Amino acid sequence: MIERHIPALLPLIFLASALLIPMFGVFKRKTAYPFAVTASLSAAALSVYGFVYVLQNGTMRYYFGGWIPPIGIEFVYDPLSAFVSVVINVVALMVLTHALNSVRVDQEGRQVAYYSVVMLLLTGFNGMIITGDLFNLYVFIEISSLSGYALIAVGEKQSPFAAFRYLIIGTIGASFYLLGIGYLYFMSGTLNMGDLAGILPMIKDSPTILVALIIIVVGLGIKMAIFPMHGWLPDSYTYAPTTSSSLIAPIGTKVGAYALIRILYFVFGADYFSREFAAADLIAIFSCGGIIFGSVLAIAQKEMKRMLAYSSIAQIGYIGLGIGLANPFGFIGAVLHLLNHAFMKACLFLVAGNLRIKAGHSDITKMDDSFRKKYPWTMAAFTVAALSMVGLPPLAGFFSKWYLALGTIQSSRWIYLAVILISSLLNAVYFFRILEKVYMKSPIKEKADENSSENIKKDEVVPSMLVPALVLAIGLIVLGILNVFIVKQIYKMMPEGM
Amino acid sequence: MFDFIAGHYNYWFIILLISIGMYGMIFKKNLVKKLIGMTIFQAAVILFYISSSVKADTTVPILLELNESADVNRYINPLPHALMLTAIVVGVATVGVAFALLVLIYKRYNTLDEKELIERMK
């Protein structure tokens with residue numbers, strides 16, 4: 001019975017708790033956190049159940065108000081959207097568990113408003129994933145973006161300026177997207193994705209459709225932070241509070257990537273955007289630029305969160321590269337990397353947040369092996385996630401790169417293959433730099449008297465902050481081992497005819 | 001050639017507005033002016049929808065008499081207008097958030113000039 005309503009329930013749970021949290025929060029501030037975690041937990045449970053259900057029973061469609069599309073608005077819950085909603089809801093649950101302590105420290109006295117906005121953010125993300133209507137997607141993009149700006153602006157002193165820049169650039173991205181769907185609407189007379197996919201082959205020779213495709217790719221590319229459009233990302237991620245950056249970094253750009261996959265593969269079709277003209281190649285070339293650029297700049301950073309932000313640009317490049325390859329292996333690589341990178345980045349950002357709270361900074365130059373002694377488990381989680389980012393088997397990160405590499409071989413794009421291999425080395429440089437300091441470098445001599453290795457006691461973070469990072473790290477190992485099973489499911493998500 | 005220019009004059013106007021908006025966002029140093037540029041850009045997109053859905057000699061899509069047959073040619077398409085109402089609401093919310101951020105920036109740095117702001121942030 002409940003299965004039928006899962007598509008609508010996922011955004012609705014978050015929307016309802018976004019309204020309920022301030023209502024109860026007025027009387028008792030402490031109710032905000034349990035509400036947020038309960039909402040996130042039930043959404044995660046529902047999305048896992050829904051994913052299993054959809055794999056067995058096929059795509060579900062939910063018509064709002066009983067209006068049959070293309071007249072009405074529909075939510076489409078197919079294997080791909082079910083899969084992505086599992087990813088983001090599970091990661092969000094982990095981050096919100098971690099939030100108990102970090103939000104109490106970061107957002108003294110504003111927890112109620114903060115959690116309420118987090119719920120709105122997740123409403124937007126879930127809506128973006130499940131909706132089957134182009135204009136609806138725009139509205140959900142704006143819901144998630146607006147709450148994203150607010151969540152970034154409550155961080156450090158510089159954060160409002162970073163959020164303002166993100167707001168200007170992000171709104172332009174959304175406006176471009178709106179302009180693009182305007183072109184499509186006036187050419188085809190429909191906004192429903194499935195309906196449009198049926199009409200487009202008849203009108204695809206028109207240059208208007210081509211312009212619409214370019215404008216939509218640019219608009220969503222800004223949301224996703226593909227290479228030349230990434231300018232807003234490093235500052236926003238660095239200055240945002242821990243919980244915000246660990247929500248927006250792993251999930252936000254992934255949902256943008258999902259929207260791009262949905263529109264390119266399911267509305268325009270892989271044939272149109274890859275063979276009939278070179279949109280796919282352009283995306284792949286820009287993504288390769290992003291992979292190299294992000295990795296090189298990540299090496300140059302001294303601050304861990306900033307380094308992770310630049311590494312995000314590089315990792316988004318992998319997803320973009322998979323999208324741009326437009327062959328089955330590229331698709332698998334992109335979707336698998338969407339999952340793996342969400343887990344890896346969430347884990348790394350949580351570790352950076354733990355270090356900021358316990359050690360007071362996350363400055364790489366100041367790290368030494370006292371970190372290992374003080375926070376053994378946090379650093380263990382970091383190590384697993386870092387190795388996964390570099391791509392060591394059997395960790396999850398290896399397999400998405402493997403499928404991307406297979407994709408480049410399948411299309412005989414040797415330069416892209418070289419980019420993947422080189423970037424793995426660059427990843428190794430910037431992560432091993434930290435690992436080397438944490439596990440090898442002894443503390444600086446002057447402080448040796450008070451801080452010598454015998455005196456350093458274990459000073460691990462509280463369980464609510466440690467467990468999510470560890471669960472995500474263990475998740476990376478499990479995802480790596482289960483990759484054959486996951487890839488089998490991804491085959492079911494492919495658009496028809498691939 | 002003249003037909004091409006005169007026949008699409010609404011699109012030329014929208015291109016002009018988009019360019020003005022882009023110019024404001026990229027070249028103006030004051031953050032409020034950047035925001036104004038963004039608003040002009042959004043307004044241009046909204047005008048694009050509205051002007052493209054214009055239809056001559058038509059009326060609002062309301063059935064006046066029950067026995068009247070619904071002739072599509074007599075009515076204007078209401079969907080773009082409904083969409084743009086939503087887009088306007090979104091735009092207003094965006095401007096609201098942007099102003100809140102600007103107030104916060106001004107309280108912390110006492111300036112809204114981009115150059116000076118970047119200097120004071122160091």
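Start by selecting helix 17 of chain A and look at A:Phe431, where the helix bends by about 30°. The bend is the angle between two fitted axes, one for the seven residues ending at that residue and one for the seven starting there. Helices (H or I, at least four residues) and strands (E, at least two) are DSSP runs, numbered from the N terminus.

The model is predicted: local features need pLDDT of at least 70, side-chain atom pairs count only at pLDDT 80 or more, and totals for chains, interfaces and linings use all residues. Residues are numbered from 1 along each chain as its sequence is written, while chains are lettered from A and ligands numbered from 1 in the order in which they are written.

**Stop 1: along helix 17**

Stay on residues 414-439 of chain A. Helix 17 has 26 residues and reaches 37 Å from its first C-alpha to its last, close to the 38 Å expected at 1.5 Å a residue. The expected span is 1.5 Å times one less than the number of residues.

Now pick out the buried residues of helix 17, among them A:Tyr416, A:Ile420, A:Asn427 and A:Phe431. Buried means 20 or more other C-beta atoms within 10 Å of a residue's own; exposed means 12 or fewer, partly exposed is in between, and C-beta atoms are placed from the backbone. The buried residues of helix 17 pack against helices 11, 12, 14, 15 and 16 of chain A. Contact here means C-beta atoms, placed from the backbone, within 7 Å.

**Stop 2: a cis bond**

Select A:Pro393 and A:Pro394. A cis peptide bond joins them, with omega about 5°. A:Pro394 sits in the loop between helix 15 and helix 16 of chain A.

**Stop 3: two residues of helix 12**

Go to A:Gly320, in helix 12 of chain A. A:Gly320 has 28 other C-beta atoms within 10 Å, so it is buried. Colour A:Ala284 too: the pair are 36 residues apart in sequence and 6.2 Å apart in space, C-alpha to C-alpha. Leaving aside neighbours within four places in sequence, the contacts of A:Gly320 include A:Ile226, A:Phe286 and A:Gly290.

Next take A:Leu325, also found in helix 12 of chain A. A:Leu325 counts as buried because it has 28 C-beta neighbours inside 10 Å. Not counting residues up to four places away in sequence, A:Leu325 touches A:Ala284, A:Gly330, A:Gly407, A:Thr408 and A:Ser411.

**Stop 4**

Select residues 328-358 of chain A. This is helix 13, with 31 residues reaching 45 Å from first C-alpha to last, close to the 45 Å expected at 1.5 Å a residue. Just after the helix, A:Gly360 takes a positive phi of about 85°.

Which residues have the most contacts inside the largest nonpolar core? They are A:Val91, A:Phe343, A:Cys347 and A:Ala385, in a core of 216 residues. A nonpolar core is a set of buried Ala, Val, Leu, Ile, Met, Phe, Trp, Tyr and Cys residues joined through C-beta atoms within 7 Å. Zoom in on A:Phe343. Not counting residues up to four places away in sequence, A:Phe343 touches A:Val91, A:Ala396, A:Leu472, A:Gly475, A:Leu476 and A:Leu479.

**Stop 5: a strand pair**

Show residues 60-63 and 74-77 of chain A. Strand 1 and strand 2 of chain A pair in the antiparallel sense over four bridges. Strands pair if DSSP finds at least two bridges between them. A:Tyr63 has A:Glu74 as its bridge partner in strand 2. From strand 2, A:Glu74 and A:Val76 point one way, A:Phe75 and A:Tyr77 the other way, and all are buried.

**Stop 6: where the chains meet**

Turn to chain B. The contact takes 25 residues from chain B and 22 residues from chain A. On the chain B side, helix 4 gives the most, with 13 residues. That side divides into 19 nonpolar, four polar and two charged residues. Ala, Val, Leu, Ile, Met, Phe, Trp, Tyr, Cys and Pro count as nonpolar, Asp, Glu, Lys and Arg as charged, and the others, Gly among them, as polar.

Then select helix 3 of chain B. What covers its buried residues includes helix 6 of chain A, together with helix 2, helix 4 and helix 5 of chain B.

**Last stop: B:Asp57**

B:Asp57 lies in the loop between helix 3 and helix 4 of chain B. Its phi is near 55°, a positive value in a residue other than glycine. Buried or exposed? B:Asp57 counts as exposed, because it has 7 C-beta neighbours inside 10 Å.

Conventions:
Two residues are in contact if their C-beta atoms, placed from the backbone, lie within 7 Å.
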